[in-house]
Amino acid sequence: MGTKTDEQLVAEALSGSQSAYTRLVERFERPVYNLVARMVRDRGLAEDLAQEAFVKAFTRLDTFRSGQGKFSNWLFKIAHNTAIDHLRKSRLDTVPLDKTEPDEPDYHAVLADAEAATPLDRTVAGDLGRALAAAVDRLRPEYREAIVLRHQEGLAYDEIAEVTGMPLGTVKTYIHRARKELAAILEEAGWAPTG
Amino acid sequence: MRKDRRLRNEMDAWLTAEAAGDERGAEAAFAALVGALPRLTPAAGFAERVVWAALPPTQAAPGWLAWLARGGLAAALALVALATGFLPMATRLPVSLPSFGEVVKSVAGGLAWIGGRFETGLEVWELLGRIGEAITVALQTPEAQAGLAGSAILATIAFYTLHQLLTFERRTVR
């Protein structure tokens with residue numbers, strides 16, 4: 001009588017079990033919220049978007065096919081799309097029409113000044129965790145998403161490619177670049193290896 | 001402090017590997033560092049809010065509400081059954097209740113009143129019918145029919161002209 005798998009909970013939820021719905025949300029609320037929050041860099045907004053993602057997922061729960069992949073990846077994909085839609089919409093709202101960028105995942109026009117403290121994390125002298133989080137916030141959203149999915153959620157490269165809709169090579173490139181950029185940001189901020 | 005110490009160690013290992021050009025070492029240390037970063041968590045009650053938003057109101061309603069509704073319905077039915085079953089006893093109470101015959105008489109009187117109103121309505125309808133018939137007969141003369149046709153044509157021309165006048169400004173402004 002161990003813990004039920006995601007697929008078992010999905011099947012129960014589709015049969016009308018509210019407790020199964022609740023358990024699925026409780027199981028994935030933190031990963032989904034973490035991913036969305038890292039992408040949009042705003043806690044309040046991330047809650048709204050994460051909730052929207054869960055509602056979308058449960059509305060189309062009957063379209064999930066366990067043979068086609070993990071439920072977690074399917075859910076991450078919906079969360080990714082929800083966050084990306086918001087970022088694109090924000091970009092359309094803020095960028096003048098005569099300066100429309102080519103249709104590429106470049107969100108620099110959307111992001112606030114990288115030097116300014118974000119609503120998500122603020123650098124506090126001596127607080128390394130916050131300093132690292134703030135440095136991560138300065139990366140492009142797609143870089144942040146890639147390293148969160150890879151190193152916090154433990155997804156394989158091909159799973160990240162499936163979730164984000166990017167080619168496998170692009171995923172690896174983004175993670176590599178994220179690492180290099182983060183090292184440069186920390187070096188610029190005066191962080192160097194001790195000893 | 002311990003968490004910071006761990007992060008510090010991970011970061012040192014990573015930056016050292018980067019500086020040394022050790023790609024594998026840097027990748028592994030970087031993975032450990034990012035993995036050690038705290039995950040962001042939503043506010044308390046997030047799961048409940050999601051479930052409420054995701055499920056239809058009937059499914060998301062608490063169980064006690066459904067029991068309350070069922071209980072109320074059962075109580076109402078019981079009261080009706082009680083009133084019906086004990087009605088003959090109620091007639092023995094020192095309360096002036098109408099007899100069955102009086103009730104039937106009242107209902108019959110009400111129906112008769114309604115029938116009377118229907119009859120009046122039918123008379124009015126019949127009168128209107130006769131007026132209409134008279135008008136129809138009068139209009140069957142050639143003069144009347146010509147007058148009607150002419151009026152219809154004039155009315156059509158007048159409405160068309162009015163429409164053109166009203167839309168003229170809109171068309172010229174554009």
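1. How many residues does the contact take from chain A, and how many from chain B? It takes 29 residues from chain A and 29 residues from chain B, two residues being in contact if their C-beta atoms, placed from the backbone, lie within 7 Å. On the side of chain A that touches chain B, helix 2 (18-40) of chain A gives the most, with ten residues, and the residues of that side divide into 15 nonpolar, nine polar and five charged. Ala, Val, Leu, Ile, Met, Phe, Trp, Tyr, Cys and Pro count here as nonpolar, Asp, Glu, Lys and Arg as charged, and the others, Gly among them, as polar.

2. This is a predicted model, in which local features need pLDDT of at least 70, side-chain atom pairs count only at pLDDT 80 or more, and totals for chains, interfaces and linings use all residues. Residues are numbered from 1 along each chain as its sequence is written, while chains are lettered from A and ligands numbered from 1 in the order in which they are written.

3. The mean pLDDT (the predictor's confidence in each residue, from 0 to 100) of chain A is 82, and 80% of its residues reach 70 or more. Over residues 94-126 of chain A, however, pLDDT stays under 50. Where pLDDT is low, the predicted coordinates should not be read in detail.

Technical notes. Helix = DSSP H or I, 4+ residues; strand = E, 2+ residues; numbered from the N terminus.
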